[in-house]
Amino acid sequence: MAGKIIDGKSLAAKFKEDIKREVGQLKEKHKVTPLLTAIQVGENPASRVYIKNQKKSCEEMGIDYQLHELPEATSEEELLQFVEKLNTDDKVTGIILQMPLPQQINGRRVQMAITPMKDVEGMNPSNMGMLVYGSPRLAPCTALAAMELLNSTGVDIKGKEVTVVGHSEIVGKPITLFLLSSILESATPTVCHIATRDLASHTRNAEILIVAVGKAGLIKGDMIKQGAIVIDVGINRVPVLDEKGKPVLSNEGKPKMKTVGDVVFEEAVEKASYITPVPGGVGPLTVVMLLRNTLTACKWQREKK
Ligand code: NAD
């Protein structure tokens, strides 16, 4: 029997309702409106799309959104000074640094300079540290999204064999820390990465498999345990192929492209008990987690006053 599809879009819609209601309450009771401030240095077409989506999502929630565009030649020192100005501006409740940054800027240094209370991407070492302690306040959005999708199945993670493929700072590592965040109720995670010798032996052992690599077709059906929960975080653009395996061309003669995850969905769905699709799984929820973090950050600052 094919696995149940975990619908990221409808879960996202549910979370959005809650966020919108809470933002409304903040405004009504405390006359406070969250303000998410994005910093973009130089020009980047990919971040343009993110910025457009962030703005639209914020508007839907009643959250104010502001974009600061700095020139490509901005130095790291200038950017750090700019961040400091936002850190101390009471109206700004959340700060997001659009990636990639120009070469002359060390992104990690700047991310570390964002005050933890406004760090809506959850990347400040202090927020990461709270995740290590098992009591995160602001955590990386994609990791939060993957955990919410997993929680939505209602399956208890306690003691479960979970394989996380990918160990990046924004996805794989924080997911692993979430899986370990309760002293008595934690899962048993195994973390795989580029240097893992026999990936399939680890994925086949997983009752829950979370994949965040960025390689289409990495996880095939025979690498999945029967009945496993599969969360596919990967986003890859690949050409659409016809039945002979040739690229399908658009009217302009260019190869048609589609978005897929790291998991071969058609094979995996036959083995999994639950599975996230790509698109429509982790992606829609990640944006919502950014909005939820923005709300959390705003409430945190209010409590501190
Ligand atoms: P990254 O490049 O920082 O990390 C990739 C990880 O995969 C590393 O840990 C690396 O060791 C591991 N890896 C690479 N090749 C491997 C292999 N053959 N076998 C096992 N592990 C291997 O990437 P990231 O930023 O963590 O993103 C991972 C994927 O998730 C990408 O496709 C990205 O687009 C996607 N992503 C999706 C969202 C979303 O909202 N859905 C958000 C962030 C990232």
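**Domains, ligand shell and salt bridges**

Trainee: How is this protein divided into domains?

Mentor: There are two entries, domain 1 covering 30-120 and domain 2 covering 141-284, with bounds that come from an automatic or database domain assignment. The centres of domain 1 and domain 2, taken over C-alpha atoms, are separated by 29 Å.

Trainee: Before I go on, what should I keep in mind about the model?

Mentor: This is a predicted model, in which local features need pLDDT of at least 70 and side-chain atom pairs count only at pLDDT 80 or more, while totals for chains, interfaces and linings use all residues. Residues are numbered from 1 along each chain as its sequence is written, and side-chain values use heavy atoms, with hydrogens and water left out.

Trainee: OK, the ligand then. How many residues surround it, and which are the closest?

Mentor: The ligand is surrounded by 20 residues, the closest being His167, Ser168, Ile194, Lys215 and Thr286; a residue is counted as near if one of its heavy atoms lies within 4 Å. Helix H10 supplies the largest share of that shell, with 3 residues, and it spans residues 282-304.

Trainee: Which polar side-chain atom lies 3.0 Å from a ligand oxygen?

Mentor: That atom belongs to Thr286, and the pair is a polar contact (N or O atoms within 3.5 Å; within protein, one must be able to donate a hydrogen and the other to accept it, and residues adjacent in sequence count only if both atoms are side-chain atoms). A backbone N or O atom of Ile194 also lies 3.0 Å from an oxygen atom of the ligand, and a polar backbone atom of Gly214 is 3.5 Å from a ligand oxygen.

Trainee: And how much of the ligand does the protein bury?

Mentor: Taken alone the ligand exposes 860 Å², and the protein buries 73% of that; the areas come from the Shrake-Rupley method with a 1.4 Å probe, and for residues only the protein chains shown count as cover.

Trainee: Switching topic: how many salt bridges are there in the whole structure?

Mentor: A search finds 12 salt bridges, each being a side-chain nitrogen of Lys or Arg within 4 Å of a carboxyl oxygen of Asp or Glu. One of them joins Glu22 to Lys299, with the closest N and O atoms 2.5 Å apart. This pair links distant parts of the chain, Glu22 in helix H1 and Lys299 in helix H10, 277 residues apart; helices (H or I, at least four residues) and strands (E, at least two) are DSSP runs numbered from the N terminus.

Trainee: Are Glu22 and Lys299 buried, exposed or partly exposed?

Mentor: Glu22 is partly exposed because its relative accessible area is 28%, and Lys299, at 30%, is partly exposed as well; buried means under 20%, exposed over 50%, and partly exposed in between (1.4 Å probe, protein chains only).

Trainee: What does Lys16 pair with?

Mentor: Lys16 forms a salt bridge with Glu60, the closest N and O atoms being 3.2 Å apart. Here too distant parts of the chain are linked, Lys16 lying in helix H1 (residues 8-30) and Glu60 in helix H2 (residues 45-61), 44 residues apart. A network of salt bridges connects Lys16, Lys56 and Glu60.

Trainee: Last one: which residues make the nonpolar surface patch?

Mentor: Met130, Val132 and Tyr133 make a patch of about 350 Å²; patches consist of residues with over 30% relative accessible area and no salt bridge, like charges being joined within 9 Å and nonpolar side chains (Val, Leu, Ile, Met, Phe, Trp, Tyr) within 5 Å. Val132 is found in helix H5 (residues 125-132) and, at 56% relative accessible area, is exposed.
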